[in-house]
Structures are given as C-alpha cells and as structure tokens.
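Work through the two exercises below with the sequence and the coordinates at hand, and compare each step with the worked solution.

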There are 2 protein chains.
Amino acid sequence: MKSSNYRPINHSVGTAGKEFAADIGGMYPYEQFTIVVLTYDRDNILTLMLEGLLNLAYLHSVVVIWNNPKPPSDNILWPRLHVPIHVVKSEKNSLNNRFLPYDIIKTEAILMLDDDVTLRHDEIILGFRVWRENRDRIVGFPARGHFWSEANQSWYYNSAHSCEYSMILTGASFIHRYYLHAYTNEMSAQIREIVEQKLNCEDIAMNFLVSHITRKSPLKVTTHWSFICTNCTSSLYNGGGHMPIRSECINQFERIYGYNPLIYTQYRADSVLFKTRLPLGMEKCFRYV
Amino acid sequence: MKSSNYRPINHSVGTAGKEFAADIGGMYPYEQFTIVVLTYDRDNILTLMLEGLLNLAYLHSVVVIWNNPKPPSDNILWPRLHVPIHVVKSEKNSLNNRFLPYDIIKTEAILMLDDDVTLRHDEIILGFRVWRENRDRIVGFPARGHFWSEANQSWYYNSAHSCEYSMILTGASFIHRYYLHAYTNEMSAQIREIVEQKLNCEDIAMNFLVSHITRKSPLKVTTHWSFICTNCTSSLYNGGGHMPIRSECINQFERIYGYNPLIYTQYRADSVLFKTRLPLGMEKCFRYV
C-alpha cells in the first residue's frame, strides 16, 4: 500500500468524473477488498471469471475455495492477475466452506462470488463504495424476499422481481470479515448442519445472521444488466426443488432463532448521477451504473 | 386513521406493482406526513403548488408558514384539498421560521417544501418510504456538497453535479419533527442569528445539526426530472452572491461547532426496480421513479 494511495478525508477534489474515479475517497481511508470464490468443478467458467478480474481496482487478492474432494487438475490455466490467487482445498463439499474465516483473508471487506458470476468492474467498485458506508450490512446485487403464505401458514422464498427485499445472495455481495467468524463460531450449529445436509441455504443463513446481529436489512446495488449467467451449463440454482428447499430453510431457521430476523427494505443504492442528464463535458460517476 | 389502513408488518403481499402501491408496508406501521411550506409573497406559485397536493397519499395536513409581516390577501384562492391547510403567520421574515416546532404539526414525518418546488406524487411517496427506513436522517432531493479550497484554505459550497454530496436542501426533504425542536432550542443561538442576518443558510444549518447529532450523511432520493422551477419569477437562489454567502456560512458554522460535522456519501436511494427491464405484465414500483 503506497502512501500515495492515501488521501485527505476532507478532500477538495472528487466531485465527478475522472477525479471521482481516480480515488475512492469518501469518509473512510484507502482500503482494499478480497474476492472469495467458491467453486466445485467448472474449471472453464472459473478461469474465465478470474481473467475478468485483471486490473480490478482496490482488489487485494483472490481466494478460491476448491469445494471438491478431488483436487484441481494440473491442466487448469490459472490467469496471471495483478494480485495473488490463493487456492484453498476443502476437505468435503460443504457450502459452509464459503464462510470459513481463512487466515489468508487479510482485508475487512470481502466480495463473495459464485464462480459463474460476471460483474463489470464499475459495478464492483460502486458496490465497494456503498459497502464502505454500510460496513455492517450485506451489500450486493441479486435481491430476494421472504413472504408469508396465508394458505400454508408458513414463509416462502421469492426470487421474482419485487419492490421490497430482505436478502441479498452471497454469491455476489460484499460482507465484513467478522461475519465469517460469526457464521462459523457463533451461529447455531444446527443451521450449519441444515446447510450441509441440504447443500443449499448458506446465503439465507448469512442473511438471517447479519440481520439478527444488526437489526438492519441488506442493501442492493444497481447492476447494469440483469443477473443471468449465460455461460453456465450446470448450476446449483437450476435443480428442481431449489425453491421449496429454500422456503423450508427460512421456516427452519426461524424456529431456531425463535423469530424471523429478516428485515425488508424498499429501496436500493445507485450511483449519485445514475440516469441523470449531465451538461456537456461532464462525466458520470461510473461508466454504466 | 381507519383500522383498514393498518397492515401486518410481516406481510404476504406487496412484491410489486399494484400491491406495493396500495399499501406503504415495510417494517414500520402505517403513518402519515405533514407538508410544511415556507412562502413569502408569491401567491400564484403557492396556490399552484398546493393544488398539486390533491389526493397525495399519506398526507396528513399542510402547514403554510406565511413568512411575511403583511398577512395573506383575501383574494388568495386556497385550493380545497383532501386534508386541512393551516396558515401560520410569522411575526418577522426569518428563515428560522421554517424550523419552528409548531404545535399544529402532528406527525413525526415532515416534508419541507419551498413554495416553488413541484414534485411528482410518486417521487414524494418514494421519498417518504426511504425516510421511514432512515428516520434520523435528512432524506430529500437536491443534493449539495462542501469542498475544500487549497487556494483559500477554506470550505466552499458546491451545487454542481457531483458523485458525492454532504447536504440535502431542506426546500425539498423529509425530516423528523424532533429536529425542529433541536434546531430551535438546542442548536447554538449564534447559528440562528447568522441565518437571520444573511436571510440564507438555514438548510446548511439543519444539515450541520443533523449530521452532528447522528454522525450520518443525508440521503438523496431519485427524481424523475432535473430540479428546476420553470414558473418562478423571483427566487432566493438567483440573487448575486448567493453562493459566496453559503460558502461563508459553512466556514462560520464550522468555527461554532469546533469541527465540520458534514458527512459525505457516494450513493443515492432509488426504487428497487428503477430502470429495470421487467417481464411482460409486471409493474414497476412507481410510475417514473
């Protein structure tokens, strides 16, 4: 971290365009984030995604959690990035591995990514800036909701377009490193067992935990395009029964907590000049968002 | 307030479109807001603006602060709204009158408006929803910044398009009723004197006060169009010397507080589905925002 990376907190530049892009500014000093990627056996998708991280600003390092008892093949062409890529082999395929507080993670800010998620750099930087102002919340991209079924007298999980949301998928979100510790060591072991049995719901569990601790909702950040992985051949999320399983998790977790800690919110975070018509010669805050 | 206006907080409807529009929902129970309008002598602009409030949802009442020693003319055609309009005559023309904690204000939520501000109903309702999740902050529309001049070694006020902001003009923003009390009774009397002398800077003073109390930034909400009053013949904001006076206020207030309490933020609040392409048949959260 060069000293030139520091910037006076009460700064005189940074109103828009280049000055804003050149420095992270705001009320917090310079910092970086770690990307943690969970992957199983999709080498091509993983390496394609990693290549996309080349020269991503504020990136400290990448930690790939190899969630497969079979170790990575020698044929994988690991891309050469501007930061180190660490591969951590897990002993068993458990989604709880995503949230293990590995020593190799050196930053407070973590960007959790599924291996099939491709975000633009400006989307990531906007998300990082928003997280810096909301360090205790899950700040990320795909929003989901929990709703009450009168007919079944139980909660159900909803991924449809909605004006309210109470969860952000941890497959594409910033969280504070502290929550890895809380998930692994402080959260009820029953919840980790359910995640392991179902091979699902680790993100719902993290949303429960963070809202339980903070009594705050998560915060969604704009993405330029809708969130669809077009390259993916297989995905955890396409299997039949995915949605009913996730609804079941919500109801099980609620019984464990004794109440439903999830909190709705009715807005999202956009960059200040998003979709604003600017006078000629002025620049936006980000290219597309 | 009819009992049918209440809604279970953990609700089963409200994902998007009509259901969302029909009820305010979220994690807070039903409530209303009061509009407080400061006016001096622009009867036509005032009545036009008041007419625009007809059938505005969640509106409890309107309080017009008649900031002119000359009382309102008998010829004013007060519009007939769905809620009462109360006119409060002030004894002298002071911008501190905007923040007097009048007994007639019965709600926690106050929408402060200049008489020349025309907001769409959906913009107002979005702002109200965002305020309900940020009850301790100034939540509103036109954002401004304070920046440091190396040359002059002092702060200057900036109203240009910026990717960061630290103030929201109270001519179009939601604030909690408590801050009227804090401004009038708890804030340094020196600041109210400066506001009175300069006939300016009451909004800067309120932003200082709220950020001093909360250590939080204000929060900007999307507007559909840029914020320009096309009907206005005269305005406080067009006079020469407006900007230097406001810069001077920032430096004076800083000396009174002993530090600069203003806090920058780098994002704004948009509705969850703003500028999102929806599947056929689905509705947005609001018509334009």
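**Exercise 1: strands across the interface**

Strand β11 (residues 267–271) of chain A and β11(B) run antiparallel and are joined by five bridges. The model is predicted, so that local features need pLDDT of at least 70 and side-chain atom pairs count only at pLDDT 80 or more, whereas totals for chains, interfaces and linings use all residues. Residues are numbered from 1 along each chain as its sequence is written, chains are lettered from A in the order in which they are written, and side-chain values use heavy atoms, with hydrogens and water left out.

Task: find the bridge partner of A:Tyr267 in β11(B), then describe the contact between the chains.

Solution. Strands here are DSSP runs of E with at least two residues, numbered from the N terminus, and two of them pair if DSSP finds at least two bridges between them. The partner of A:Tyr267 is B:Ser271. Next, with contact meaning heavy atoms within 4.5 Å, chain B and chain A each contribute 53 residues. On the side of chain B that touches chain A, β11(B) gives the most, with five residues.

**Exercise 2: the sheet of chain B**

Task: give the strand order of the open sheet in chain B and identify its edge strands.

Solution. The seven strands follow the order β3-β2-β1-β4-β9-β5-β10, with mixed pairing. The edge strands, each pairing on one side only, are β3 (85–89) and β10 (219–220) of chain B. Within the sheet, β1 (residues 33–39) and β2 (residues 59–66) of chain B run parallel and are joined by seven bridges, and B:Phe33 stands opposite B:Leu59 in β2(B).

Notes: Helices (H or I, at least four residues) and strands (E, at least two) are DSSP runs, numbered from the N terminus.
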